[in-house]
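Subject: Structure for your review

Dear colleague,

Please find the structure below, handed over for your use.

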Amino acid sequence: MSPSSRHFHDCLILPHCRKTSQTVSLTAVSRNRLVAQSTVERKMAEGEETAVRQLRMKWQESPVCGPELYRYLAEQVPRIYCTSEKTKGLSEEEEEMVGTTLLRPLEWYLFGEDPQLGLEKLQQGSGSSQLCGRVFKEGETTYTCRDCAIDPTCVLCMDCFQNSVHRNHRYKMHSSSGGGFCDCGDMEAWKTGPSCKKHEPGAEGDTDMGAESQLEDGLMERARMLFQVLFKYTVDMLVWEEGQELPAELQPSVKEDTYYCVLYNDEHHSYDHVIYTLQRSVQCDLGEAQTHTNLIDKEGRRAVKRGTLQACQEAKQAIQSNSEHISLQPLRVEILHSAVMAHQSFALRLGTWFQQVVNYSVGFRQVFCQVSLQAALDPELHCLISRLMLCDAKLYKGARKIVHDLIVCSLLMETEYKRLFAIEFAKNYKQLQEDFINDDHERSISVTALSVQIFTVPTLARQLIEEGNVVKVIIDTVMEMLSEHLDDNNRFHFQGYNSERFFRIQVVFHDLKYILISKPTIWTERLRQQFLEGLRAFLGMLKCMQGMEEVKRQFGQHIEVEPEWEAGFSIQIQLRHTLSMFQDWCTADEELLLQGYKECYNTLMSCTNQPFKSEEIDTHMCNHVLHCKPYKVSQDPVSIHLPISRLLAGLYVHLCRSGAINRLHEYLPAGCDIAYMVEYPLRCLVLAAQVAAEMWRRNGLSLVSQVYYYQDVKCRDEMFDKDIIMLQIAASKMDPNHFMILILQRFELFEFFNRSTVSRDKELVKQVNRLTEEMLHLLIIILGERYIPGISNVTKEDVTMREVIHLLCIESMAHSGLVKALPDNENNETGLENVIQKVATFKKPGVSGHGVYELKKECLKEFNPFFYHYSKSQHSKAEDAQKKRRKLENSGKALPPPDPPEFLPAFANIVNVLNCDVLIHVLRTVLRRAVETSGKLWTEAMIQRVLHLIGQGLLEEKQQLEANREEVAFDFSLKARRIEHGKSLLTFLEKLKLVPPLEAQKDMITWTLQMFEIVKCLREKSSPTAAMSIETTDPGESIQDKEKAERKRKAEAAKRHRQKIMAQMSAMQKNFIESHKMLYESTPQAQGPGEPFVPEDSSAMILGESRVALGPKRGSGVVEREALTCILCQEEQEVRADSTAMVLTACVQRSAVLTQCRGKVLPNTETFEPLFMHPDLACGTHTGSCGHVMHAPCWQKYFEAVQNTTRNRLHAELIFDLENGEYLCPLCKSLCNTVIPLIPLQPLKLNYDNAELVGQLLTFPRWLEIVLARIKGLKATSQANDDSHEMAENQFFMESPADFRSILSFGVQATAQYSESINEMLVVCATAAYRVGLKVDPNETDPRVPLMSWNTCAFTIQAIENMLEEEGKPLFGSLQNRQHAGLKALVQFAAAQRLTSSQAVVQKHFTHLLSGLIPDLHVDGTSSILDIDLFHLLVGLVLAIPALYQEEAVDLQPSPISSAYNHLYIVQLVTMAHVVQILLSSDDPPGMLGEEEGEEYRSATELYQTLVQCTEGLSGDVPGWCLTDRVRRGVAQFLRCAGLFFSCLTGVPPPEVLSSNEVSLEGQLEALCSYLALPTNLFQLFQDHKDTVIPLLHRWCGNPAVSTALNDTSSVIRYPRKRNKLVELPEDYSCLLNQACHFKCPRSADDERKHPTLCLFCGAMLCSNSICCQETVDREVVGACAAHSANCGAGVGMFLRIRECEVVLMGSKTRGCVYPAPYLDDYGETDPQLRRGNPLHISPERYKKLYQLWQQHCIMEEIARSLEVVNVMFAFDWQML
Ligand SMILES: [Zn+2]
Ligand SMILES: [Zn+2]
Ligand SMILES: [Zn+2]
Ligand SMILES: [Zn+2]
Ligand SMILES: [Zn+2]
Ligand SMILES: [Zn+2]
Ligand SMILES: [Zn+2]
């Protein structure tokens, strides 16, 4: 069944170790009861025990217990199973019955006594197994050691790994897909450290008894007898195919007439189809149908109907016809008699019973193994286990799982029986594979998946080859399966193949790889013979591939159908390692190698593909004649698949390497037909060249893809590389001129170089030029590529090193990038680690990106621009990079060929090609055309290649000369100087410098000419005669020339010296920039564009220089005139109250970053009154801004345009929520959902004399009085309009009532007036805060609008304060400019917002807010002061109080002096309340000892005593210093917030200490108090306002809510509030994986794969992305993560998906993105999906970055950004996570 994919990322399958690819059902096991029941149960069943004993006696008496037992089962089993009317599974009751009536007697019989006792005895006597054998659950982490595992399929469980030596090795971790088992203790799985501490021989509990002797004789006899009967019964019943009849011996006495209609699982029908069919056919409801379907999928079959035969037949027909409608195939339905069903169920139950029994003791296990492998009496029949295996494909899923588990825990746990089982397995191999291929179940539930457990064991593999020739068996199997694809010529042809079936067949290739994975160290003659037999079979298969799927160039029109090519290549890819392993096995000894070569050669010779069509002809060039048959790749068929040619090339190299080549003639007396051997690889290379020259365009993409793979890293080592080797073999064996002519012929370039006139067809010339380039490149490769052990004297390490160097010459690369670009071996190793340190230096990653390796300078000289593994684009990138580097170093742009290693003797002749007449002619011709003709017949690329070839020739000559050999016959330079038609190659070369289009090659030409000089000098030194002879043959070179050259050389040397110095200097300069670049770049990033904000020291401050923000001594605000540029129209404008509004981009979001009770269920916001913020700050409203400014009209236009265009865009709603007014900042693409209007700061100058005067009158009590009077008066007025309410009496200060209007007498002024545009924007912004903060529909007239504006202002300040403290930054001056601008704008907005609301509403809010402090204002439901966040209250009071000045007809607001006093007294009042709040809630034990001296302590004690008196439940007697300490620490957050608030509100610069990093808490408090006009000793306030405050204290503390809260200490918020952190993560990622593997879904008990996901905010482990844990939030079904984040993060979430090793950021319900986990491997890379599996360790920097993302409210922004980048074609349903 294929359920529609509901798992996120499930499609991405990890590269698994094979041993974990088998599945195991654990439910079956967990359902079991242990054989031995508890004592209580035992007693209860006492009565029955007697019956059981009698039964047992009866069995024991009869000599053969079989028939008796069968009779018993025949009667009992149908009575227990399948009796209920329902088609449900076994009920608890039935299970109980099975235990007591069926299993317990068996156990009694087995032990001959109480099974509990027997078991105890057994366990005392037996040792534990030394194999771990733990079967992996799906998702469990498995480990393998790259240093010690024999092959990558050897794995350990977490426990064993943690206790093993491999912990400190290079390990890999993967999450298992289920099945497979731990290899701990298997001596053959590990090179070292085969056992962990627990499974070590001699470890605790291990008695190391001899095999079998563990059971006493009687017990063993009984076990044997019982197992024989029961296992036979199990097998008989499981393989039983008659649905309606039973075996004769199981016929019950009474046969009921009940049947079942059983539905089977298949892979064709989806969940929904089955559910639909069931609903239609068997009349069940949706729920039932779903249950059935789930269980069918899980167990493989299920009875869906019970009834008479006829009823069942009808149901069967209905199901089949209904399912046929939907899908082409009907569902499989069988009708089973109830007794058959019953016996099959019990047989399965016995399967799990056996699993338990064999786990009890090694003795039982061995007996079981013997029984299951015992040859049947009838030689025609198989042993029991084979019978089971052979019907595996017929069994249903659930049964298979149990059988496989049983095999794993019995036969595979015992070395000797594993061997016997392996032989049985191999015997049945072909049949099993055929069954598997015709079956439709996944491989993981096929018995064939066990092959990996057998074939990878080295000794077993060797035995299986020796005794069963298993290599041949495997190949024969695969050949038989592929035989349908053979064409008339006995070659494979895959057109129209069935890809699904083909995919299954490929599995067999894995087995071939497994069996070869460990090369034997000991070779017997038999092994040798069998291996060669296998090799012959292998060659037989390769022969069917040799020349398969040939292609023919298409002329005229494009091909109609792209031919299928994938099948051929996937076989090639599958065989890649097998091919190299066969070669490797052949090298075991010389004999084998020679034999193998001979076999391979003979096979090649017998291939008859792509024959020549015409007879041999002679071709002449440069006085050489080649006698060969013509073949045109561009006209005749060619094939890319030449595995035999390539295998032969590979073996040839091995021959050379071992020296066995010298004995080859003994095996192939006739010698080798080199021309034939090279023919096909050469054609293939020409094909690739012609495709590159675009000659095959009409053959479509399939050919391009094939050529791509031919050279790609996945295939090249057994394709392209081997073809090159074959050409090198030919070049070393053939006459060099003949070889060159052959190449020219096959490239179809012979004419081009043989004639002087060439075609005028432009297209054709272009083609020929491209071909020439390709051919020259191929020659460079043949002559220069020597990095293969056997071709030159290099090691494998050298080869890898060279690959790495060339990759790093393109650019610095990450470790994983390198691994991907290097070929791996059969153990998935690339050898990178062994060499990387030698050639590169590691550059660590920053907080993003990854670590990279940078090539060491000294390796640059190895660079070869024509490196043969470069693709076209890599070639040009590398060349550019190296040229650029050289330019920087001022060292000239020449990229000469590097010094190559010397060929081994067998290949030494290749260099003669460089020196042969035909090549010199070719080079000469190209140069001549460049010099003599205009640029049609040559290209720069050609010249480059020619120069490189000349360079190679000169280097070779130089090396040979330097080696001081007597006679150096290699005379490339001499040939180059030879004059033909008046000019030599050298002459052309010199003239080349003057060809203008070759400017870029000038340096290279110069280098080449210098080389000529050097070689000439060397030659003169070694053999003067030879040099003399050139002199004579070359009259153009005179002595004068020589002198000139000498002078030139000196000048050149001086120049080089100068250049070197220059290069050094420039390098130093560059280093300086490099090393300071980080600093240079990171500064603006951290600080934002521009300078950090520093309060300006304005000289305008005269009197107002005081740094006090409130009260009569208030300083002047700094009013800078701001002229800002609109980012949209680029026009500058001054921010003024009366002009068009300027707005800042802004984003409002709900936030839980400060919450003190994470996960609190948030109130329903529709009705919620946000008047008082609870001090737990569970959910605040944050407003952030990226600080970019626009004109309001510009923004409006932009916003409308965005709305219109994105509406039409696909999935645009995922990026931003149009309904919620979201847009991206036009400049920085931050996510925004509103704008904040910029309000200019009003210049406030105080007249200090007046202020002082007012102060004498307006004392604190007086102020309170007139405020209360005003409130009362306003109420009266409002109630005069609305009589329905009784006048509320305020008893506070009633004795001296103040006048209703007296508040106005201390100074008023007209309210500020703002332009229409600003007012409009004020409404926009306030509505956004209201709408988002409360999650409600916008309504600008709602009375809660002003409250939300104040709240978001307060909360944003708290969040910023928190962030600054957390990062250890000073309160002032460390915000980025744009952050500070945003904050200032927000505060000014919050202050001005009042003017757009109804003043009556604001007045009412003020009254209510004040009632939080003055409880007598008689507002309903007054909160206790413990339940109010006082900073929110402070902001609300300060921003609302101006509304009190409003007169009915006149818009008034307080004058600066009035404001100063209002602020002063509000701050004092709120601060006092906060101090009380701190003292009431604080309970931390006194820290250090303090002194009892001092005024502060005394006043503190006094206050506390008062509090104790009026508070119920407050414990007294806390020392004064302790109180002071509590208050100081507790009040800091509040004061810091207040400081920020007033500095933004008034613009008064704060004391300088607050901008300093080094200030102590004491110093900071002192400065803040002075700034806020508070006494440093806050207790002083209570003294000063004693009369006013005492009654207040009584009311605050007397609130019953306070006492209740004090009793329930858990809910009290304490100060300072704790700062939230992300949960602590373990250093080692495997710890998390371990946790994940023990994770159990809280809601379901099944063993389905779960996705444990960690909430990084609170540490909750969730079961994400799974139906079981979905919840309904806001009437929508969402996944566990979405539901969790609704409360935990107020809508945003940050989760770590543990198995995937990815962080998921969740925005609103519908949005999210993945983010790299903060774990890095040793190479500085993250590993999403754990694909690479390297050990991972936490990166604190990255985790901190995630923390900041959260604290700075950037999660939404990050999501928006990622969604913008990712093409959201496949929208992921984030809310289901
Ligand atoms: Zn283990
Ligand atoms: Zn172990
Ligand atoms: Zn190891
Ligand atoms: Zn503008
Ligand atoms: Zn921006
Ligand atoms: Zn959480
Ligand atoms: Zn769940």
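**Aromatic pairs**

The count of aromatic pairs comes to 56, where rings of Phe, Tyr and Trp (its six-membered ring) pair if their centres lie within 6.5 Å, and planes under 30 degrees apart count as stacked, over 60 as edge-to-face and the rest as tilted. One of these joins Phe227 and Phe368, whose ring centres are 6.4 Å apart with planes at 70 degrees, so the pair is edge-to-face. It links distant parts of the chain, with Phe227 in helix H8 (residues 217-239) and Phe368 in helix H13 (residues 362-373), 141 residues apart. Helices (H or I, at least four residues) and strands (E, at least two) are DSSP runs, numbered from the N terminus.

The model is predicted: local features need pLDDT of at least 70, side-chain atom pairs count only at pLDDT 80 or more, and totals for chains, interfaces and linings use all residues. Residues are numbered from 1 along each chain as its sequence is written, chains are lettered from A and ligands numbered from 1 in the order in which they are written, and side-chain values use heavy atoms, with hydrogens and water left out.

Phe227 has a relative accessible area of 0% and is buried; buried means under 20% relative accessible area, exposed over 50% and partly exposed in between (1.4 Å probe, protein chains only). Phe368, also at 0% relative accessibility, counts as buried. Tyr676 and Tyr680 form an edge-to-face pair, 5.5 Å centre to centre and with 80 degrees between the planes. Tyr676 and Tyr680 are 4 residues apart in helix H27 (residues 674-692), and so are separated by about one helical turn. Both tyrosines, Tyr676 and Tyr680, are buried.

Ring pairs also join Phe111, Phe227, Phe231, Trp353, Phe354, Phe364 and Phe368 into a cluster.

**Charges over rings**

A charge sits over a ring if NZ of Lys or CZ of Arg is within 6 Å of the ring centre and within 35 degrees of the ring normal. The charged end of Arg786 sits over the ring of Phe903, 4.0 Å from its centre, and that of Arg929 over the ring of Phe753, 5.8 Å from its centre.

**Zinc sites**

Donors are N, O and S atoms within 2.8 Å of the metal (3.2 Å for Na, K and Ca). Cys145, in strand S1 (residues 138-145), and His166, in the loop between helix H7 (158-162) and strand S2 (171-177), are 21 residues apart. Both Cys145 and His166 are buried.

The zinc ion (ligand 6) is coordinated by Cys1655 (SG), Cys1658 (SG), His1684 (NE2) and Cys1688 (SG), at 2.0 to 2.2 Å. Here the donors follow the spacing C-x2-C-x25-H-x3-C. Cys1655 lies in strand S20 (residues 1652-1655) and His1684 in helix H61 (residues 1680-1688), so the pair ties together parts 29 residues apart in sequence. Cys1655 and His1684 are buried.

**The protein overall**

The protein has 63 helices and 28 strands. Of its 1777 residues, 57% count as buried.

Yours sincerely
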